[in-house]
Amino acid sequence: ALHLFGHTHFAWDSKLNFKSEEAHDFDVRFVQAPLGSPREWRTRPRSLRLEGGLPALLWRGRSAAMPLPATRAALWSDYYRHNARQPDSGEMGFWIK
């Protein structure tokens with residue numbers, strides 16, 4: 001499954017696995033390829049950059065013989081790929097301190 005989302009103003013490309021007792025395990029790919037404003041590109045280009053650039057190919061058709069392109073590097077999705085989320089933590093993130 002592919003979930004395209006927008007209005008976050010940062011690039012993201014990750015795949016999460018979901019487990020269900022009623023159904024098979026399945027993956028959902030989350031992709032955000034922001035256009036960003038000129039000001040955003042001047043002040044924080046690293047958070048907008050999606051490996052391979054924009055526009056990003058997100059769909060190749062319904063055929064299983066045409067899979068989605070490989071997951072691309074993006075600052076924040078890469079961060080969380082290597083650092084588990086801690087939603088119950090009250091500690092501020094390093095980027096805010």
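Residues 24 or more positions apart supply 48% of those contacts in the protein that have a separation of 6 or more, a contact being heavy atoms within 4.5 Å. This is a predicted model, in which local features need pLDDT of at least 70 and side-chain atom pairs count only at pLDDT 80 or more, while totals for chains, interfaces and linings use all residues. Residues are numbered from 1 along each chain as its sequence is written, and side-chain values use heavy atoms, with hydrogens and water left out.

## Architecture and confidence

The secondary structure consists of three helices and three strands, arranged along the sequence as β-β-β-α-α-α. Helices (H or I, at least four residues) and strands (E, at least two) are DSSP runs, numbered from the N terminus.

The mean pLDDT of the protein is 82, and 88% of the residues score at least 70; pLDDT is the predictor's confidence in each residue, from 0 to 100. Among the elements, helix H1 (residues 38-43) has the highest mean pLDDT (94) and strand E1 (residues 2-4) the lowest (71). Where pLDDT is low, the predicted coordinates should not be read in detail.

Of the 97 residues, 21% count as buried. Buried means under 20% relative accessible area, exposed over 50%, and partly exposed in between (1.4 Å probe, protein chains only). The protein exposes about 7500 Å², of which carbon and sulfur atoms supply 57%. Accessible areas come from the Shrake-Rupley method with a 1.4 Å probe, and for residues only the protein chains shown count as cover.

## Strand E1

Histidine 3 is found in strand E1 and is partly exposed, at 37% relative accessibility. Leaving aside neighbours within four places in sequence, histidine 3 is in contact with Val28, Arg29, Phe30 and Val31. For valine 28, the separation from histidine 3 is 25 residues in sequence and 6.8 Å in space, C-alpha to C-alpha.

## Salt bridges

Side chains of opposite charge can pair when their charged atoms come close. The criterion applied here is a side-chain nitrogen of Lys or Arg within 4 Å of a carboxyl oxygen of Asp or Glu, and by this rule there are three salt bridges.

| Aspartate 13 | Arginine 29 | 2.6 Å |

Aspartate 78 and arginine 81 are three residues apart in helix H3, so about one helical turn separates them. Arginine 81 is partly exposed, at 43% relative accessibility.

## Aromatic pairs

A pair of aromatic rings is described by the distance of the centres and the angle of the planes. Rings of Phe, Tyr and Trp (its six-membered ring) pair if their centres lie within 6.5 Å; planes under 30 degrees apart count as stacked, over 60 as edge-to-face and the rest as tilted. The structure holds five aromatic pairs.

One of them joins phenylalanine 10 and tryptophan 12 in an edge-to-face arrangement, with 5.9 Å centre to centre and 65° between the planes. Phenylalanine 10 is partly exposed, with a relative accessible area of 26%, whereas tryptophan 12 counts as buried at 16%. Tryptophan 76 and tyrosine 80 form a tilted pair, 6.5 Å centre to centre and 35° between the planes. These two residues, tryptophan 76 and tyrosine 80, are four residues apart in helix H3 and therefore separated by about one helical turn. Tyrosine 80 is partly exposed, at 29% relative accessibility. Ring pairs link Phe10, Trp12, Trp76, Tyr79 and Tyr80 into a cluster.

## Nonpolar surface patch

Met92, Phe94, Trp95 and Ile96 make a nonpolar surface patch of about 460 Å². Patches are made of residues with over 30% relative accessible area and no salt bridge: like charges are joined within 9 Å, nonpolar side chains (Val, Leu, Ile, Met, Phe, Trp, Tyr) within 5 Å.
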